[in-house]
Amino acid sequence: EGVTALVASPVFARLTHLDLSHNPITHVGARALAAGECALELLDVRRCGITASAKQALAKRFGKKVKV
């Protein structure tokens, strides 16, 4: 999956803003984002079709920095 590959990339650690809105990422991709090492100041995953538990994982990891 694309999001999982992005998180594994060395570029991910340097990202400060990531807009994935309206892209169909799976709960696996959302959980990879939540577990990834990064400096994100803004993460937008609105209308991505992720599960409620994946949204909770992202909110727990990023707090107010994530738009779900």
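**Sheet, core and salt bridge in the predicted model**

In this predicted model, strand S2, which spans residues 42-44, pairs with S3 in the parallel sense over two bridges. Within this pairing, Asp44 has Lys67 of S3 as its bridge partner. The strands belong to an open sheet of three strands, ordered S1-S2-S3 and paired in parallel. Strand S1 (17-19) and strand S3 (66-67) stand at the edges of this sheet, and because each has a single partner strand, one side of each is left without a neighbour in the sheet.

Asp44 also takes part in a salt bridge with Arg46, in which the closest N and O atoms are 2.6 Å apart, and the count of salt bridges in the model comes to one. The two residues of this pair can be described by their accessibility: Asp44 is buried, with a relative accessible area of 5%, whereas Arg46 is partly exposed, with a relative accessible area of 39%. Side chains of opposite charge can pair in this way when their charged atoms come close.

The largest nonpolar core comprises 22 residues, of which Leu33, Leu43, Val45 and Leu58 touch the most other members. Two or more residues of this core are given by each of helix H1 (2-8), helix H2 (27-35) and helix H3 (52-62). For Leu33, when neighbours within four places in sequence are left aside, the contacts include Leu43, Val45 and Leu58.

How values were computed:
Residues numbered from 1 in each chain as written. Predicted model: local features only at pLDDT ≥ 70, side-chain atom pairs only at ≥ 80, totals over all residues. Heavy atoms only, no water. Core = buried A, V, L, I, M, F, W, Y, C linked by side-chain atoms within 4.5 Å. Buried < 20%, exposed > 50% of the residue type's maximum accessible area, 1.4 Å probe, protein only. Helix = DSSP H or I, 4+ residues; strand = E, 2+ residues; numbered from the N terminus. Contact = heavy atoms within 4.5 Å. Pairing = 2+ DSSP bridges. Salt bridge = Lys/Arg side-chain N within 4 Å of Asp/Glu carboxyl O.
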